[in-house]
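The model is a predicted one.

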Amino acid sequence: MDAPSGAWPRRPRDRLGAPSSGARAPATPWARFSAWLECVCVVTFDLELGQALELVYPSDFQLTDKEKSSICYLSFPDSHSGCLGDTQFSFRIRQCGGRRSPRPTGDRHYDRTAPVSLQRESAHYFGYVYFRQVKDSSVKRGYFQKSLVLVSRLPFTRLFQALLSLIAPEYFDKLAPCLEAVCSEIDQWPAPVPGQTLNLPVMGVVLQVHVPSRVDKPEASPLRQCGQENLLPAPLVLTSVHELDLCRCLQPVLSHVQTLWELMLLGEPLVVLAPSPAVSSEMVLALTSCLQPLKFCCDYRPYFTIHDSEFKEFTTRTQAPPNVVLGVTNPFFIKTLQHWPHILRVGEPRMSGGLPKQVKLKKPSRLKTLDTKPGLYTAYTAHLRRDKALLRRLLRGLQKKRPAGVLTALLRRHLLELTQSFLIPLEHYMASLMPLRKSITPWKTPPQVRPFHQEDFLCSLEQAGPQLTCILKGDWLGLYRRFFKSPHFDGWYRQRRKEMAHQLEALHLEAICEANIETWMKGKSEVEVVDLVLKLREKLVRAQGHQLPVTEETLQQARLYIDTAIGSLPKDLQAVLCPP
């Protein structure tokens with residue numbers, strides 16, 4: 001399983017740097033590569049070892065034994081899938097052993113300005129797989145079986161799938177030298193900066209992508225030439241780095257999109273049993289993207305096998321099922337996870353009368369055999385009524401073979417508006433908990449954000465509820481009550497409270513900088529002045545780390561006030577506060 005990772009001659013030490021226990025330091029030439037990928041792996045099938053890690057590149061990137069084992073098992077479809085030819089899919093694994101190196105400054109800048117749903121994973125790796133299985137008489141088993149895997153913390157599914165489509169076929173023909181050249185090209189790419197459109201050259205092709213920013217309008221695709229109007233060759237433009245063809249991925253469950261959106265919103269445990277890792281991973285990724293712009297705060301595994309290190313944790317019957325969305329292909333999971341409240345079984349895409357065949361809603365009690373038919377097995381009753389007009393438009397569009405992009409845009413806009421209608425009352429109520437600006441005075445501790453009272457919020461819905469922006473009828477109150485118990489409410493509330501606390505701290509710093517410090521210092525003891533200096537320095541450090549939303553003018557004024565305060569103290573205290 002743990003094959004040597006140095007299949008190629010190692011580069012000179014000044015190129016790779018000293019081996020480390022984690023991703024390379026940003027000062028090395030591999031920093032640009034690390035801005036996009038952690039490493040590239042090659043997994044092959046060994047007749048004696050089974051799946052084996054043939055190669056990790058760059059070779060100084062260290063994976064734990066558990067991570068290597070997970071990557072090996074998850075990079076191959078299991079025996080039930082029967083995938084011949086080329087297949088692409090993705091997986092997500094838990095990082096073992098915690099963070100291994102400090103986050104580069106570029107990572108922190110990216111996360112501050114990227115949409116929350118596209119921030120780098122801090123505790124998980126994504127694996128993007130290109131698997132090939134073809135007949136080969138020169139191999140003992142009679143088949144060539146190999147996977148090329150891109151390991152990253154970025155959820156850029158579309159970009160990395162496109163990248164694999166370019167490099168994997170070439171690699172399977174030419175092997176190591178081709179992959180080494182590709183990694184060197186990626187090491188020349190500009191860093192992913194939210195809001196920018198980038199040209200990414202690889203293997204004679206230029207991929208043009210727009211990296212989404214928090215300030216982008218939803219559904220906007222502001223691709224434009226990056227000041228290089230005459231690029232040769234003409235760039236291959238990707239309309240999104242992360243969005244899948246939502247309508248195609250959810251085609252067999254379009255009639256239950258409303259129910260599935262609610263299950264995702266509430267963080268309910270869900271198993272997706274699919275015929276292949278490609279269908280499984282796309283369905284899971286499509287479902288977890290339905291909540292945008294709300295960040296999906298639960299765990300999810302686009303492809304999961306019985307060999308996964310968390311298998312026992314997820315399948316135990318001694319406690320309630322975890323808040324996870326699992327994508328699986330082995331029917332054995334129907335028996336193992338029979339106690340889970342929601343199981344979605346989908347088959348290969350099928351058409352009936354020119355329309356995609358829809359899975360039916362079924363009671364969990366009917367889920368008894370390994371050959372169970374496709375269906376959504378759940379006892380859950382949706383709180384909101386289904387949008388029948390939307391379903392008719394989507395199905396009619398599929399029947400008339402309207403462009404996939406048009407139908408996906410229609411479905412994505414519906415889900416976006418639904419999520420926004422749900423969030424707007426929460427945002428309005430949360431804003432009402434912010435202390436008034438006039439209550440913030442320079443020389444007193446700033447007031448705190450008031451606590452969130454669920455019943456007060458629910459009472460506000462009659463006048464300012466989702467019915468103002470959404471046509472769907474139903475039990476909105478019941479949906480909010482269940483949402484309060486979900487990981488998504490906790491994640492949303494913590495993030496909003498943190499942002500508001502930073503805003504209060506910034507307003508307090510502005511109030512200090514607008515006040516007259518010399519007037520304040522009159523009659524103050526040395527202890528009080530020193531205390532002010534220390535507090536201002538702490539605020540300055542946080543503000544310079546871009547944690548507080550303040551202007552450069554305010555920062556300059558704060559530095560001036562620190563100097564003024566220190567200058568008013570005796571020389572011995574000045575020496576302590578400003579050592580040489």
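Entry 1: I looked up the accessibility of Phe-457 first. In this predicted model, Phe-457 has 0% relative accessibility and therefore counts as buried, since the cut-off for buried is under 20%. I then checked Phe-484, which counts as buried because its relative accessibility is 9%. The two residues form an aromatic pair of the edge-to-face kind, with 5.9 Å centre to centre and 75 degrees between the planes. I noted where each partner lies: Phe-457 is in helix 14 (residues 454–464), whereas Phe-484 is in the loop between helix 15 (476–483) and helix 16 (487–514). The pair thus links distant parts of the chain, 27 residues apart.

Entry 2: I asked which residues the ring pairs link into a cluster. The cluster includes Phe-457 and Phe-484, together with Trp-261, Phe-422, Tyr-429, Phe-452, Tyr-480, Phe-483, Phe-489, Trp-492 and Tyr-493. How many aromatic pairs does a search of the whole structure find? The search returned 32.

**Entry 3: Phe-296 and Tyr-300.** I examined another of these pairs. The ring centres of Phe-296 and Tyr-300 are 5.8 Å apart and the planes stand at 85 degrees, so I recorded the pair as edge-to-face. Phe-296 counts as buried because its relative accessibility is 12%. Tyr-300, at 9%, also counts as buried.

**Entry 4: Charges over rings.** I next looked for charges placed over rings. The charged end of Arg-92 sits over the ring of Tyr-300, at 4.2 Å from the ring centre. I found Arg-120 over the face of Tyr-110, 5.2 Å from the centre of that ring.

**Entry 5: Helix 12.** I turned to helix 12, which runs over residues 388–399 and has twelve residues. From first C-alpha to last, helix 12 reaches 16 Å, close to the 16 Å expected at 1.5 Å a residue. Which residues of helix 12 are buried? I listed Leu-390, Leu-391, Leu-394, Leu-395, Gly-397 and Leu-398. Viewed down the helix axis, these buried residues fall within an arc of 160 degrees, so they line one face of helix 12. An α-helix has 3.6 residues a turn, so residues three or four places apart point the same way. I then looked up what covers the buried residues of helix 12; the cover includes helix 7 (246–249), strand 14 (355–356) and helix 13 (404–432).

**Entry 6: The ends of helix 12.** Just after helix 12, Lys-401 takes a positive phi of about 55 degrees.

Key:
Residues are numbered from 1 along each chain as its sequence is written. This is a predicted model: local features need pLDDT of at least 70, side-chain atom pairs count only at pLDDT 80 or more; totals for chains, interfaces and linings use all residues. Side-chain values use heavy atoms; hydrogens and water are left out. Helices (H or I, at least four residues) and strands (E, at least two) are DSSP runs, numbered from the N terminus. The expected span of a helix is 1.5 Å times one less than its number of residues. Buried means under 20% relative accessible area, exposed over 50%, partly exposed in between (1.4 Å probe, protein chains only). The arc is that of the directions from the helix axis to the C-beta atoms. Contact means heavy atoms within 4.5 Å. Rings of Phe, Tyr and Trp (its six-membered ring) pair if their centres lie within 6.5 Å; planes under 30 degrees apart count as stacked, over 60 as edge-to-face and the rest as tilted. A charge sits over a ring if NZ of Lys or CZ of Arg is within 6 Å of the ring centre and within 35 degrees of the ring normal.
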